[in-house]
Amino acid sequence: LDEIMEERRSASLQERLRELITKGPTVEAIAGLDKLASENPSSALRIELAKFQLLSSSEEMIEVALEAGRKLIEGPLTKDAEMLNAVAWDLVDPDRKPAAPTALQALALDAARRADTVSEKKNMAIVDTLARALFCSGDIKAAIEAQRRAISLAQSSDEPVEADVLNELKQRLREYEQASPIAKGAAGKTE
């Protein structure tokens, strides 16, 4: 009976969460998410993450998004490399349209650096995210170094890395190398 009640509570929470997120980054939706988190302490982190994603999708709420994101990465996520990585990737994902504002990309870089430290610099996906965040921040040299490290981790992994994942890592490295001032200078000399 307890399991059935818990499943119903969880389904109800999911439905309410979905309704609030569908409203978009409105004051009403944010207030609703805050209320939902306070009423469901065991799901508060999940709700706070959803709120951050919603806030970070709105140019008008960047300051609030920054505050919420900083609170997450310095608080409950501080030692959770996978979640720090997820927050960072969400902000620097090249498929994100429109791209996150510079301030949120800086937050992504902080989260990615923390994730890399927590994972003892041994997680290929986290290093890939770090490289992307460095690239977005304009530190092309460091992005190239990090992406090379991600590729090295993939190639030396005890668990085989799928060929398409490795190709994606290499493709991003080429993107970063082509954006480097050295590559741009060399391209200008050949014309």
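Colleague: Hi! Is Lys 121 buried, partly exposed or exposed?

Modeller: Lys 121 is partly exposed, with a relative accessible area of 47%. Buried means under 20% relative accessible area, exposed over 50%, and partly exposed in between (1.4 Å probe, protein chains only). This is a predicted model, where local features need pLDDT of at least 70, side-chain atom pairs count only at pLDDT 80 or more, and totals for chains, interfaces and linings use all residues. Residues are numbered from 1 along each chain as its sequence is written, and side-chain values use heavy atoms, with hydrogens and water left out.

Colleague: Where is Lys 121, then?

Modeller: Lys 121 is in the loop between α6 and α7. Helices (H or I, at least four residues) and strands (E, at least two) are DSSP runs, numbered from the N terminus. The phi of Lys 121 is near 60°, a positive value in a residue other than glycine.

Colleague: And what about the phi of Glu 120?

Modeller: Glu 120 has a positive phi too, about 60°, and is not a glycine. That residue is in the loop between α6 and α7 (124–137), and Glu 120 counts as exposed at 55%.

Colleague: New topic: which peptide bond is cis?

Modeller: The one from Lys 97 to Pro 98, with omega near -10°. Pro 98 lies in the loop between α5 (81–92) and α6 (102–118). Most peptide bonds are trans.

Colleague: Where is confidence lowest?

Modeller: In helix α10 (residues 181–190), at a mean pLDDT of 61, while α7 is highest at 98. pLDDT is the predictor's confidence in each residue, from 0 to 100. The chain mean is 92, and 95% of residues reach 70 or more.
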